[in-house]
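Visitor: Could you walk me through part of this model, one question at a time?

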Amino acid sequence: MPKPKVSSDWMAGCSGCHMSFLDIDERIATVLDLVDLRSSPITDLKHPDETGVDVGILEGGINNTSNEEVAIRMRKHSKILVALGDCAVFGGVPAMRNFFTIEESLRRAYIETESTDSSGKIPDDPELCVPTRVRALQEVVPVDVFVPGCPPDADAIFFVLSELAQGRIPVLKDKNLMWQ
Amino acid sequence: MTKLTINNKPVEVAEGTTVLNAARSAGIEIPTLCEHPHLTPYGGCRLCLVDVEGARTLQPSCTLPVTEGMVVKTDTDKVLAARKFVLTLIFSERNHFCPFCQVSGGDCELQNAAYHEGMTHWPLQPNWQPFPVDASHPYIVMENNRCILCRRCVRACGELVGNFTLGFEERGARSLLVADLGVPLGSSSCISCGSCVQVCPTGAMLDRWSAYRGRETQVEKTQTVCAGCSVGCGIDVLVRDNNLVRIEGNWGAVLNEGVICKVGRFEPLAEERNRLLTPLVRKDGKLKAATWEEAFDTIQAKFSPLVGKKNDGVAAVVSTGLPLESVYAFKKLFADYFQSDMVTSTEEGDYTSSASAFAQGSGKPFEGTRKDLQNADLALVFGIDLVKEHEVVGFFIKRNIPNGAKLVVIDPAVNSLDILAEVALKTGKTVETNLVQGIIAAVINAGAARTAASGVSESEIKSSISNAGCSPAELDKVASLIKSAERPVFVYGKGISEDTLKKLIHLAEITNSKIIGTKGGANSLASSQFGLESRIKLNGHQAVYAAFGSEEPSQHIIQQLEKAPFLVVQSAYGSALTARADVVLPSFTWLEQDGTYVNFEGNIQKAAKSLIAPEGTKSDLEIFVALGAKFDQKMDSDWMKQLTGKVAPVVIQG
C-alpha cells in the first residue's frame with residue numbers, strides 16, 4: 001500500500017492546533033514514515049497539487065470568503081476531510097463574535113481598540129476578502145472526521161494520524177476526546 | 001413490590017419507584033442532567049429517555065413510575081440516538097463553547113454526558129442569541145448563556161431552602177432564569193446560600209470566588225463540620241495547594257443533607273480581615289512583632305501576681321466558635337487556676353443561660369431535635385430572625401411552608417420571616433412573659449390544650465388575654481393554629497428570660513409541642529455546660545484575656561474590653577481590640593484546626609482541619625497548653641465529664 005498523502009491548512013484559528021501537531025515530538029518521524037506530507041502552512045509547499053490527497057486537515061473556523069475558498073479547495077482535493085480543533089469543529093473562539101454584528105466587530109478591531117489613534121479606519125480595499133459570520137467547517141463543506149480540543153492533545157492528533165495512515169477512520173473516546 | 005425487567009434483567013422494587021431509580025438499584029446506568037437525588041423529578045432535559053415495550057414513544061425514566069411486568073430497554077440504538085439528539089439540541093440552544101467555561105474539563109455534567117456518548121461534535125449550530133449575564137451579586141454570577149433550563153437551581157431554591165427567589169420568565173427558547181420578578185440577583189430576595197451554584201450541572205450559576213481556581217480533579221476534599229454557628233452543618237472543603245477553592249454542603253450529612261448558608265459557603269472565601277501572622281507585644285506604647293516566648297513571658301510576668309484573685313484578677317472571655325478542647329482548656333486555666341470571677345464567653349449566656357437554669361431546676365433535658373423541626377407542621381418562632389442567623393434552621397421551617405406547614409413569628413423587631421407568617425405578633429421590646437401567658441390563656445380558651453390545664457379560672461384567662469399586649473383576635477388565631485397542628489415546634493433564640501422560657505415550656509407541655517433553642521456559636525452549648533455564661537463587666541480586674549478565634553468582636557465587647565488595664569488578645573484576625581491590646585497572639589482559623597463541636601441538638605461532632613495554617617501561628621489549644629505550662633498547669637483533655645456533668649437543655653450524645 002502506498003503511503004497516504006496528507007495535506008493541511010489553516011483558516012480562522014490561532015495555529016495552536018498545528019503547534020499541538022508539532023508537539024508529538026519525535027513521533028513525527030513515525031508519522032512521516034507512515035504518511036506522505038504533501039503540503040501545509042509549516043512546509044515549503046502551501047497547497048496540495050491538482051491530483052489531490054487522501055487526507056486533508058483543516059484548522060480554524062470560517063470567518064470570511066477567503067476561508068471559504070480554502071475549505072472548498074481542500075474538500076475538493078481530499079478523500080477524507082478532518083476538522084482539527086474546536087474552531088473547525090464548533091467555530092471556537094472566533095465564533096464568539098457571532099454574538100455581535102460584523103460592523104460592531106470591525107469597528108471594535110480597527111477603530112475602538114485602545115492602541116488605535118484617530119486615523120483608525122476599517123479596511124475597504126475591494127481586493128480584500130469579505131468577512132462573514134463565523135462558521136464551523138461542517139457548515140460549509142461535509143466533514144468526515146471531527147477532532148475537537150483547544151487545542152487537541154498531541155496524543156489525540158498522533159492517534160488520529162496513525163489510524164488514518166493505517167486505513168481506519170479514528171474513533172475518539174476517553175482521554176482522546178476533549179473539547180478543551 | 002413491583003416486578004419489571006430492564007435490559008432483560010429482572011428487577012424488583014417498591015411500588016412508586018421511578019424507572020430511573022429501579023435501573024440504578026440494578027446497577028444499570030442511565031445518563032441524566034435535570035435529575036438530582038435531592039430534588040423532585042422534573043423531566044425537563046429528556047436525556048434519561050428509555051424504551052418501554054408498548055409505549056408509543058421513548059419515555060423519560062426519571063418521572064416514570066414502574067408498573068408490574070414493565071419491559072424497559074436502556075441501550076437500544078433508538079435510545080442511544082435519542083440521547084445524542086437531546087444533547088445536540090441542548091448544546092445548540094445557547095453558548096456551550098467549552099474553552100471559555102470554568103467547569104469544562106470534568107466539572108460540567110453536560111460535557112461529561114457528551115463525552116460519555118462519544119460525541120466529537122454536534123451537528124446543529126446555535127442561533128447566536130445572546131442572553132443576559134447577571135453579575136450584581138457579591139458571590140454568585142448568573143450566566144444565562146450557559147443555562148440548559150434544567151431548573152435544578154429553581155427547585156433547590158424552593159424545595160431545599162424554601163426561598164423561592166429563582167424562577168423562569170418567558171417560554172421555550174426564550175426561557176430566562178431570573179431572580180424574583182426579573183430584578184438583579186444582587187438586589188433580589190436571595191439570601192446567598194449558594195445552593196443553586198452547588199446543584200447547577202453546567203457553568204450557568206457561577207461562584208465568583210472559586211471559578212477558575214481549580215476543578216474537582218485538582219482539589220483535595222475534606223469532609224468536616226461548619227463552625228459558623230450552633231447548627232453544625234456537614235460541609236466539604238475543597239482545597240488546592242493549601243488555597244481554599246470552595247466550600248460545599250455535604251449531601252451525605254444527616255443534619256443538613258447538602259444545604260448550607262453563606263456563613264459556611266462564601267464568607268470564609270470572602271474574608272477580608274487582616275490575618276495575624278506573628279505575636280505582638282506592646283513596647284514603649286507601640287505594638288511590635290515578638291517571639292512566642294517573649295509574648296508568653298510578658299503575659300506570665302503580668303498574670304503571675306493575679307492568681308487566685310477573684311474580682312481584681314484576670315477577666316477572661318472566649319469565643320463560642322472555638323473547638324471544645326480549647327474552650328475547656330481556657331475554662332480550666334482561667335476559672336479553675338486563676339479563680340477569676342469573670343470567666344465567660346463572647347455570648348455571655350445570651351442564648352443559653354435561661355435554658356440551662358431551667359434544665360438544672362427540672363433535672364431533665366426538655367428540648368427537641370432538628371427532626372422535630374423538619375417534621376413540624378407549625379413553627380412558632382420566638383424572638384429570632386432565622387434569615388439573619390442560624391439560617392439553616394430557617395431553611396428547615398421555610399421549605400415546609402409550601403407543603404402546608406404554618407408559621408407564627410413572635411418578635412418585637414421586624415423579622416425577615418414575617419412575610420411568610422400566618423400571624424406576626426409585635427409587642428413590647430422583647431418577647432414578654434405576658435404575651436406567652438396570653439397565648440396559654442387563648443389556647444385553654446380555645447380548648448386547644450391537649451393535657452388537662454386545670455386550676456385556671458375564667459377570670460385569669462380573661463385578664464391574661466387582655467394583658468398580653470396584642471389583640472385577642474391575634475391570640476385566638478395563634479391558638480387555633482396550635483389546635484389544628486399535629487406536630488408544633490417552638491423555636492427560641494437569644495435574650496429570652498427565665499420566666500418567659502418557663503411559660504413557653506408550659507405552653508409546649510399543654511399543647512404537646514416540641515421546643516428548640518437555637519443556641520449561638522458553634523460551641524454555645526458546651527460553653528454553657530462549662531459555666532461560661534456571665535455578663536462581661538470589668539470592675540477592678542487588672543488584666544483581660546480574650547480568645548476570639550475567627551470571630552469578629554462585637555461593638556459591645558469592644559466597648560467593654562478596650563478599657564482593660566492590660567489586654568491580651570488571641571485571634572486569627574486583626575480587629576479594633578488587637579490594635580488596642582498589649583499582647584496579641586495569632587491563632588488558627590476554624591478551618592485550620594481539628595476539634596470537637598457540640599451542636600444545638602446536643603450532637604458531639606468532630607471537625608477535621610482542611611487548611612494548613614501560616615507559619616508563626618498556633619492553634620488555640622496549643623496556645624492554652626503553652627500558657628498553662630508557664631504556670632505549671634497541665635491541660636488534660638478530660639472535657640467529657642464536664643460536658644455531661646450537669647443536666648443540659650438537650651441530651652448530649654455522640
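Helices and sheet of chain B

Guide: Helix 12 of chain B passes helix 13 of chain B in a left-handed crossing, a crossing being left-handed if the near helix is turned anticlockwise from the far one by less than a right angle, and right-handed if clockwise. This is a predicted model, in which local features need pLDDT of at least 70 and side-chain atom pairs count only at pLDDT 80 or more, while totals for chains, interfaces and linings use all residues. Residues are numbered from 1 along each chain as its sequence is written, and chains are lettered from A and ligands numbered from 1 in the order in which they are written.

Visitor: Why are helix 12 and helix 13 of chain B described as oblique to each other?

Guide: The axes of helix 12 (residues 433-445) and helix 13 (residues 458-467) of chain B come within 8 Å and cross at roughly 135°, with axes fitted to C-alpha atoms, for helices over the stretch in contact, and angles running from 0 to 180 degrees between N-to-C directions. Angles under 35 degrees count as roughly parallel, over 145 as roughly antiparallel, 65 to 115 as roughly perpendicular and the rest as oblique. The two helices of chain B are therefore oblique.

Visitor: Which strands are the edge strands of the open sheet of chain B?

Guide: The five strands of this open sheet have the order 20-19-18-21-22 in chain B, with parallel pairing, where two strands pair if DSSP finds at least two bridges between them. Each edge strand pairs on one side only, and in chain B these are strand 20 (423-425) and strand 22 (514-517).

Methods: Helices (H or I, at least four residues) and strands (E, at least two) are DSSP runs, numbered from the N terminus.
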